[in-house]
Structures are given as C-alpha cells and as structure tokens.
Amino acid sequence: MKPLDRIIAAAKAAPRRIVLAEGEDPRIVEAALRASRDGIARIILLGSGDIIRQRLLEAGAASEEIRIEDPATSPLAPRLAASYHRLRQSKGVDAHAAAEALRSPLTFAAMMVREDEADGTVGGAVATTADTVRAALQCIGRAPGAALVSSFFLMMLCQPYHVKKGAFLFADCGLVIDPDAAELADIARVSARSYQTLAGVSAKVAMLSFSTIGSASHERVSKVVEATRLAHAADPDLAIDGELQFDSAFVEAVSAAKAPNSPLHGGANVFIFPNLDASNIGYKIAQRIGGASAIGPILQGLAKPANDLSRGCSAEDAYHMIAVTTLQAADMRQPTASFLHGGDGDPKP
C-alpha cells in the first residue's frame, strides 16, 4: 500500500472532528467535501455562513452537508471567549479583548480544539505560518512533557525513478531555527513517534551532519553527537545514530564504507537536520529536484493537533493534511500506544 493510501485508510478507520479555520477559501471547501464524503473526518468550516454556503453550492453540495460555524454569530463564541479570557488574562487580555480575539478564525478554531469542540484544526491556506502557530501555541499549548513545539515534512518517494520508495520524515523544517543539543534530541524523539503514527512502521532516526562518525571535528558536529547521546539515553529502545552524513544514513553501501557499525545500515527513514537552514533547503531540493511529494509543515509537541498549510497549497494538499490531523488526533486519544501500533510497540500488519 502506498504511504498516502495507508494514511487515508487509517483516517477512515477513526474519523475525528477537524475544524478548518479558512472555510471560505474554495480550496478548503473542496478538500472539506472530499474528506467528509470519504469518511476521513467530520468537518467544521469556519467563516461567513453566507459565503461558505455559496461555495458549497458552487461545488455541487447541499448547504447542510458540512457543519458551518461563523465566529461572529456562533453560539459557541461566548463560552470560548470566556475560556480565552481566563487563559490570557495574565497577559493583560480583558473580557472585551477576548471577545474580539475570538472573531479571528484561527483563534476560534484553536479554542474549539482546546474546549473539546473539535479534535484538531488546520489553517494556513490564507494565514501566515506565524499567525497559525501563534494561535495554536496560545490556545492549545504544548503537550505535557514536551520541551518545545517543532515541525516536520512527510516526504513521499513514489516515482518510478526513486531508488527507494515510501514515506520519510524530515525535521525540523519550519519552526526551530537553531536548536541546541537538548532541543535537537527532543525533536528526534518526537519525530520518531510522529513517523510511527503516520507511516505505520518503526522509526530509524538519523542525526544529520556534514560529518560521519568523527570524520570531521567542529562544535556543530559536537552538538549533533550530544543530541544523539541525549535522545538515546532518554529512549534506549529508539533506533538512532549520529552524527551521519545523508548518504551514510540513506545508502546501504555508503553506510558500510563510512559507518560500518551503524545500527541503521543506511536504512534511516527519519532525518533530523541540525538547523532550519539545512532542513528547509534539504526538503525543497528533495521536492523540486528529486520529485518527492512534501506534506507539511506538520506540527508536533502540541497538546492537541493543529497544522499549518502553505499559502500556495492545493485542495489535495489540504485533503492530505486533514487525514494527517485525524491520525494525530486518534493517536492522542490512546496515550499508551500509537494509533497504528499495538501495545507492545510493534507495527500492526
């Protein structure tokens, strides 16, 4: 089964309530209808009821096919505003400012998730990443025990010319600019869990550098070595190695030559980059030159799922992000086991 097909099939098995903050956008309406009709999520569209209903009619759908919430008139608004006031009053937000803040679809969507009116949210088709992430951080907050919120891209290699095919994870490609060793270790561990949840196979984590197992000496290499040590100490069962150059992590023959004792043997599927420069450049090269499909940025480390779309996204991109958000929400409902894994940590067949 192709990686995207697996994600969609798993989402169908456990659909969740996903609120889409930019419900007036035609791409979002198209994705919402497809997701709803395919049974991967129970969709809530935010925005003007008149505009969204018109968009639905233009798409050949009945106006009642999708739930609509208008932040300006929704009966949920007073309760969400009161909760937001309690949450933010220490930051100087009074009741009036809280009510005004809830007119923002991003804030309204995030508060719906916080107050369990939805299981996850997706935005960013119109709003900037900064605004989308800010709303998630302020309203939903970090998960218990999470050191920071980071992001990743799922890179899908499915073209005939790809030597390896499947889903790979690149992190952090969107948020943490220059993580220290402890932050890099946290990104590695959380990314491994994210990969297992979405791909349904065990993570093999490569901590990337311009050096492979001591081939160069530099403080930036030392950071990656220390991050690897910290991640392994925190999770001894995690398959992780570093520092590794990309070819040593990805190509078995190169691994045998450069890192013969690596437990990954060139079979890494999770790639942790040392900083945002490297990761952002890397995923875009893989996408634009290598022909990989990139889904993301997907956020991790939040108490509940909130994800960001590119402003240049297509309806298909939004559809896939809805499926990913559904799986994250399903996984969070099962604190003792990953959604796609049994309680013993082994992938289900």
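Guide: Welcome! Contact here means heavy atoms within 4.5 Å. The model is predicted, so local features need pLDDT of at least 70 and side-chain atom pairs pLDDT 80 or more, while totals for chains, interfaces and linings use all residues. Residues are numbered from 1 along each chain as its sequence is written, and side-chain values use heavy atoms, without hydrogens and water.

Visitor: Then what covers the buried residues of H2?
Guide: Helix H2 spans residues 26–38. Its cover includes E1, E2, helix H3 (49–58) and helix H13 (315–332). Helices (H or I, at least four residues) and strands (E, at least two) are DSSP runs, numbered from the N terminus.

Visitor: Which residues in H2 are buried?
Guide: They are Ile 28, Val 29, Ala 31, Ala 32, Leu 33 and Ala 35. Buried means under 20% relative accessible area, exposed over 50%, and partly exposed in between, with a 1.4 Å probe and protein chains only.

Visitor: How do you know that the span of H2 agrees with its 13 residues?
Guide: The expected span is 1.5 Å times one less than the number of residues. For H2 that gives 18 Å, and the end C-alpha atoms are 18 Å apart, so the two agree.

Visitor: What caps the N-terminal end of H2?
Guide: Asp 25 does, with a side-chain oxygen 2.8 Å from the backbone nitrogen of Arg 27. A polar contact is a pair of N or O atoms within 3.5 Å; within protein, one must be able to donate a hydrogen and the other to accept it, and residues adjacent in sequence count only if both atoms are side-chain atoms. After H2 comes Gly 39, with a positive phi near 75°.

Visitor: Why is the crossover from E1 to E2 called right-handed?
Guide: With the strands pointing away from the viewer, the path from the first strand over the helix to the second must run clockwise. The chain goes from E1 through H2 to E2, and this β-α-β crossover is right-handed.

Visitor: What makes E1 and E2 a pair?
Guide: Two strands pair if DSSP finds at least two bridges between them. E1 (residues 16–20) and E2 (residues 41–46) have 5 bridges in the parallel sense, so they pass the cut-off of at least two. In E2, Arg 42 is the bridge partner of Arg 17. E1 also pairs with strand E4 (residues 120–123) in the parallel sense, over 3 bridges, and Ile 18 stands opposite Gly 120 in E4.

Visitor: What makes E3 and E11 edge strands?
Guide: Their open sheet of 5 strands runs E3-E2-E1-E4-E11, with parallel pairing. Strand E3 (67–69) and strand E11 (306–308) each have a single partner strand, so one side of each lacks a neighbour in the sheet. The twist averages 25° from one strand to the next. H13 packs on this sheet, touching E1, E2, E4 and E11, and its direction makes about 135° with that of E1. Axes are lines fitted to C-alpha atoms, for helices over the stretch in contact, and angles run from 0 to 180 degrees between N-to-C directions.

Visitor: What is the strand order in the sheet of 6 strands?
Guide: The order is E8-E7-E9-E6-E5-E10, in an open sheet with mixed pairing. Strands E8 (239–244) and E10 (293–300) stand at the edges, each with a single partner strand, so one side of each is left without a neighbour. Here the twist averages 20° from one strand to the next.

Visitor: Why does Ser 150 count as buried?
Guide: Its relative accessibility is 1%, so Ser 150 counts as buried. Ser 150 lies in strand E5, and among the residues that it touches are Asp 172, Ile 187 and Gln 300.

Visitor: And why does Ala 259 count as buried?
Guide: Ala 259 has 5% relative accessibility, so it counts as buried too. It is found in the loop between helix H11 (252–258) and strand E9 (270–272), and touches Thr 212, Ile 213, Leu 244 and Val 254, not counting residues up to four places away in sequence.

Visitor: How do you know that helix H8 is mostly covered?
Guide: Of its 19 residues, 14 are buried. Those 19 residues (181–199) should span 27 Å, and the end C-alpha atoms of H8 are 26 Å apart, which agrees. Asp 180 caps the N-terminal end of H8, with a side-chain oxygen 3.2 Å from the backbone nitrogen of Ala 182.
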